[in-house]
Amino acid sequence: MEKIKDLVKVLERLNSGEPVDSVRGDAAQLLDSIDPTELSLAEQELIAKGMAPEDLRGLCVIHMEMLKGELEKLRAKVAPGHPLHTLIGEHDAILGFLNDLERLNAKVQQSQQFTVQDAEALRHIAEQLVSAEYHHKREEDAL
């Protein structure tokens, strides 16, 4: 239970605007020792306190940075055609579409205009993300 409280504090620091670099060490130490259930409980506690779920992204950024080295090692070990190679490639594509969505959102928010080109880009991104459900199903089945 103590780890959950510590993680909640780290998440609150991230979402208060404290630079990610200054929180990274504390977050990394906690993430090394916490299991997915505890992480989920910490997130639920923050949401119950009124934090919006999208404000939990700061932790995801740190977590992904930590796992990047492990992912690169895994990439080097699996050959094209291996199921993990395929899943990793699909995952990269999905992350790319999510990044595209964030950029499009920022552009629209900044200009406060939504053009025909923006609508076409949004439609394309949405189609790709909906089709990613097949990826998630295969990933769950494999795990």
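Buried residues make up 22% of the 143 residues in the protein chain. The model is predicted.

**Exercise 1.** State how many helices and strands the protein chain has, and give the order of its elements.

Solution. Step 1: the secondary structure comes to 7 helices and 0 strands. Step 2: read from the N terminus on, the elements run α-α-α-α-α-α-α.

**Exercise 2.** Compare the reach of helix 5 with its expected span, then list its buried residues and name the residue that follows.

Solution. Step 1: helix 5 covers residues 83–111, which is 29 residues. Step 2: the expected span is 1.5 Å times one less than the number of residues, and for helix 5 this gives 42 Å. Step 3: from first C-alpha to last, helix 5 reaches 42 Å, close to the expected value. Step 4: the buried residues in helix 5 are Leu 87, Ile 88, Ile 94, Phe 97, Leu 104 and Val 108. Step 5: Gln 112 follows helix 5, and its phi is positive, near 55°.

**Exercise 3.** Determine how helix 6 lies relative to helix 7, and classify the residues in their contact.

Solution. Step 1: the axes of helix 6 (residues 116–131) and helix 7 (residues 133–142) come within 4 Å and cross at roughly 20°. Step 2: angles under 35 degrees count as roughly parallel, so helix 6 is roughly parallel to helix 7. Step 3: helix 6 contributes Leu 129, Val 130 and Ser 131 to the contact, and helix 7 contributes Glu 133, Tyr 134 and His 135. Step 4: sorted by class, the contact has 3 nonpolar, 2 polar and 1 charged residues.

Conventions. Residues are numbered from 1 along each chain as its sequence is written. This is a predicted model: local features need pLDDT of at least 70, side-chain atom pairs count only at pLDDT 80 or more; totals for chains, interfaces and linings use all residues. Side-chain values use heavy atoms; hydrogens and water are left out. Axes are lines fitted to C-alpha atoms, for helices over the stretch in contact, and angles run from 0 to 180 degrees between N-to-C directions. Helices (H or I, at least four residues) and strands (E, at least two) are DSSP runs, numbered from the N terminus. Angles under 35 degrees count as roughly parallel, over 145 as roughly antiparallel, 65 to 115 as roughly perpendicular and the rest as oblique. Contact means heavy atoms within 4.5 Å. Ala, Val, Leu, Ile, Met, Phe, Trp, Tyr, Cys and Pro count as nonpolar, Asp, Glu, Lys and Arg as charged, and the others, Gly among them, as polar. Buried means under 20% relative accessible area, exposed over 50%, partly exposed in between (1.4 Å probe, protein chains only).
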